[in-house]
Amino acid sequence: MNQLEALRQYTTVVADTGDFRQLAQFQPQDATTNPSLILKAVQKPEYAPLLQECVAAGRGQDVDALMDRLIVRFGCEILQLIPGRVSTEVDARLSFDTQATVARAERIVQLYRAEGQDPERVLIKIAATWEGIEAARILQERGIRTNLTLLFSFAQAVACGQARVQLISPFVGRIYDWYKRQAGSNWDEAAMAGANDPGVQSVRAIYQHYKHFGIATEVMGASFRNVGQIIALAGCDLLTISPELLAQLAASDAPIERALDPEAAQSLQLEPVRYDEPTFRYALNQDAMATEKLAEGIRAFAADAAKLEQLMQAQAAA
């Protein structure tokens, strides 16, 4: 079997794309989207009709409502092609507003319901700020499942577990990027690959903590830069992978062994950890990498959400 088939023995494979026409090739269980991926897809000629239809159907609505209509339309198209769940992201500009995030998430779920989709198949993606995690806690209590994204630190993961969110998406590649940039010319790519990759190590520590203490929140490694990072996390609950890296896995028949194991995690000697708001904020502040990457990620997703709105406004004015 090829590496993609071998990986599926240990891990649920998720496609990280807004280009849903690529999904049939790789047959993922779930799929994830974000404003950046939707923006990239909607600028392709084959997806232009979706933008036009959403603007026409929502004529007279505020631009944020039009954007929600568009991302849900992409989600519905994806759900027709996969057996599992799709993750749809709340506007990153609401990352520090709990109540606005809750309201936006509930509107997205209502739009899915109006399209005849089962909300059980939808995960609402929210940035893992303190306010975002609190919004996720409220939504989970209301029966809306959440995926906490832009997650770079152990503290964020612990707080998400306490909030009983459905799933977290720790960003392997962006952690790797930060440490590589910090090291500069001293970075040894071979020595820092595989199990020694700082992004891989971060996800492994989170996975071990969750499995050791029986935390039900699913761990989905995300934001991969190379196949080696994926293989080093074989056994993680889920891995969301770009079409480019899915293709590389499908083209190789090199062996894959399980790297993360829940039974092995349960036998570790680990201390329980818990955060309230002040200790969470302090722990995040003390982690320079996580602080910088979280802020950077919110800025990038917010900028792409604004660009998506501009495209929709231009279409509405046409």
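The points that follow take the annotated residue and then the cavities.

1. The model is a predicted one, and the annotation discussed here comes from a record: an unreviewed UniProt entry lists Lys125 under "active site".

2. Lys125 is found in strand E4, which spans residues 122-127. Is Lys125 buried or exposed? With a relative accessible area of 4%, Lys125 counts as buried, because that value falls under the 20% cut-off.

3. Beyond its neighbours within four places in sequence, Lys125 is in contact with residues that include Thr32, Thr33 and Asn34, as well as Ser87, Thr88, Glu89 and Val90, and also Asn147 and Thr149. With Thr33 there is a specific approach to look at, as the side chain of Lys125 reaches the backbone oxygen of that residue at 3.1 Å.

4. Searching the whole structure gives two cavities of 30 Å³ or more. The largest has a volume of about 50 Å³, and its lining includes Glu89, Val90, Asp91 and Ala92, together with Ile126 and Ala127. Sorted by class, the lining of this largest cavity comprises five nonpolar, two polar and two charged residues.

5. The second largest cavity has a volume of about 30 Å³ and is lined by Thr33, Asn34, Pro35, Ile38, Ile71, Thr88 and Glu89. Helix H3 (35-42) and strand E3 (86-89) each contribute at least two residues to that lining, whose classes are three nonpolar, three polar and one charged.

How values were computed: Residues numbered from 1 in each chain as written. Predicted model: local features only at pLDDT ≥ 70, side-chain atom pairs only at ≥ 80, totals over all residues. Heavy atoms only, no water. UniProt positions renumbered as here; feature names shortened; annotations may be inferred. Helix = DSSP H or I, 4+ residues; strand = E, 2+ residues; numbered from the N terminus. Buried < 20%, exposed > 50% of the residue type's maximum accessible area, 1.4 Å probe, protein only. Contact = heavy atoms within 4.5 Å. Polar contact = N/O pair within 3.5 Å; in protein donor to acceptor, adjacent residues only side chain to side chain. 1 Å grid on protein atoms, 1.4 Å probe; cavity = no way out; pocket = protein on both sides within 12 Å on 5 of 7 lines; lining within 4 Å. Points joined across faces, edges and corners; volume = space filled by probe spheres on them. Nonpolar A, V, L, I, M, F, W, Y, C, P; charged D, E, K, R; others polar.
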